[in-house]
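Please consult the sequence and coordinates shown below while reading.

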Amino acid sequence: EKVEITKEQEALMKLIVDAYNKHQLPQDVTKKLLQEQYSTEENFILLTEIATSQVQVLVEFTKNIPGFLSLDHEDQIALLKGSAVEAMFLRSAQVFSRKMPIGHTEVLEERIRKSGISEEFITPLFNFYKTVGELHMSLEEQALLTAVTILTPDRPYVKDQQTVELLQEPMVDLLKKLCVLQHPQEPQYFARLLGRLTELRTLNHYHAEMLTSWRVNDHKFTPLLCEIWDVQ
Ligand SMILES: CC(C)c1onc(-c2c(Cl)cccc2Cl)c1COc1ccc(-c2ccc3[nH]c(C(=O)O)cc3c2)cc1
């Protein structure tokens, strides 16, 4: 039967996409990707600055998700802490998959590869970027997938999972319809998208190890990253 997006789904999508477009990394931050030195130390410091700025962008985007601000405050924090790494993988994947802006793809890859991350994490990290790139996600799909990731009910310490599920469901339904409408020749596209969310969960574990190895080598994070990643 014909798949149709309802008026309220149209409104929901506009809200999410506008928020996604509005909250971007400031140019003066991403410009540094092309300017700073390429030592391992400099790369780590620059990536730390970018991640910190990205978390701030992520918080602003999340506040625009309908219903999020009416959740229990502790649950709001639990959702942000539980999804920050995954949301940043999705966001940074956009740079690699949309080859944007010119030149940033190569330098971002170079800086990540040379920032003190051990080879065992580099492989799955760039494999994820590759598989996301192969999906050629639209901006709407990227925005909705990020919202779905943030609204994952079974994050640690979420008390009222039921209410989070009620917020996530309409996003998942809308994303499913979008996939059918935007990839008619690929019926399993939505399933492939959800497969990326499963992959993201495994990257969380690699990321926890990355943090530990950076800290063992006495690398410092910013107060915001320490708070959101429960380090130091
Ligand atoms: C604290 C730092 C060292 C860190 O720890 N883990 C990660 C880490 C790593 Cl490597 C990988 C994945 C996730 C994390 Cl969370 C990072 C660096 O995190 C980011 C790196 C890049 C970006 C990012 C996002 C959007 C962007 N747009 C543009 C642009 O040019 O428009 C550049 C850009 C960069 C976001 C987080």
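The points that follow cover the ligand site, aromatic pairs, charges over rings and salt bridges. The model is predicted. A search of the whole structure finds 12 aromatic pairs, and the count of salt bridges comes to 14.

**Ligand site**
- The ligand has 24 residues around it, of which Val 95, Pro 101, His 104, His 207 and Trp 214 come nearest.
- In the side chain of His 104, an N or O atom is 2.5 Å from an oxygen atom of the ligand.
- For His 207, a side-chain N or O atom is 2.7 Å from a nitrogen atom of the ligand.
- The protein buries 97% of the 730 Å² that the ligand exposes when taken alone.

**Aromatic pairs**
- Among the 12 aromatic pairs is that of Phe 89 and Tyr 129, whose ring centres are 6.2 Å apart; the planes stand at 45°, so the pair is tilted.
- This pair links distant parts of the chain, with Phe 89 in helix α5 (residues 73-97) and Tyr 129 in helix α7 (residues 119-135), 40 residues apart.
- Phe 89 and Tyr 129 are both buried.
- Phe 221 and Trp 229 form an edge-to-face pair, with 6.3 Å from centre to centre and 85° between the planes; both residues are buried.
- One aromatic cluster consists of Phe 89, Phe 96, Phe 126, Phe 128 and Tyr 129.

**Charges over rings**
- Arg 111 places its charged end over the ring of Tyr 38, 4.1 Å from the ring centre.
- Arg 113 lies over the face of Phe 126, at 4.2 Å from the centre of that ring.

**Salt bridges**
- Lys 159 and Glu 74 form a salt bridge with an N to O distance of 2.6 Å.
- Lys 159 lies in the loop between α8 (139-150) and α9 (161-182), whereas Glu 74 is in helix α5, 85 residues apart.
- Glu 74 is exposed, at 54% relative accessible area.
- Asp 230 and Lys 81 form a salt bridge whose closest N and O atoms are 2.7 Å apart.
- Because Asp 230 lies in the segment after α11 (223-228) and Lys 81 in helix α5, this pair ties together parts that are 149 residues apart in sequence.
- Asp 230 is exposed at 56% relative accessibility, while Lys 81 is partly exposed at 30%.
- Lys 114 and Glu 110 meet in a salt bridge of 3.8 Å, N to O; Lys 114 is partly exposed at 36%, and Glu 110 is partly exposed at 32%.
- Salt bridges with shared partners join Asp 72, Glu 74 and Lys 159 into one network.

How values were computed: Residues numbered from 1 in each chain as written. Predicted model: local features only at pLDDT ≥ 70, side-chain atom pairs only at ≥ 80, totals over all residues. Heavy atoms only, no water. Phe/Tyr/Trp six-rings, centres within 6.5 Å; stacked < 30°, edge-to-face > 60°. Helix = DSSP H or I, 4+ residues; strand = E, 2+ residues; numbered from the N terminus. Buried < 20%, exposed > 50% of the residue type's maximum accessible area, 1.4 Å probe, protein only. Lys NZ or Arg CZ within 6 Å of the ring centre and 35° of its normal. Near = heavy atom within 4 Å. Polar contact = N/O pair within 3.5 Å; in protein donor to acceptor, adjacent residues only side chain to side chain. Areas by Shrake-Rupley, 256 points an atom, 1.4 Å probe, with all protein chains shown as cover. Salt bridge = Lys/Arg side-chain N within 4 Å of Asp/Glu carboxyl O.
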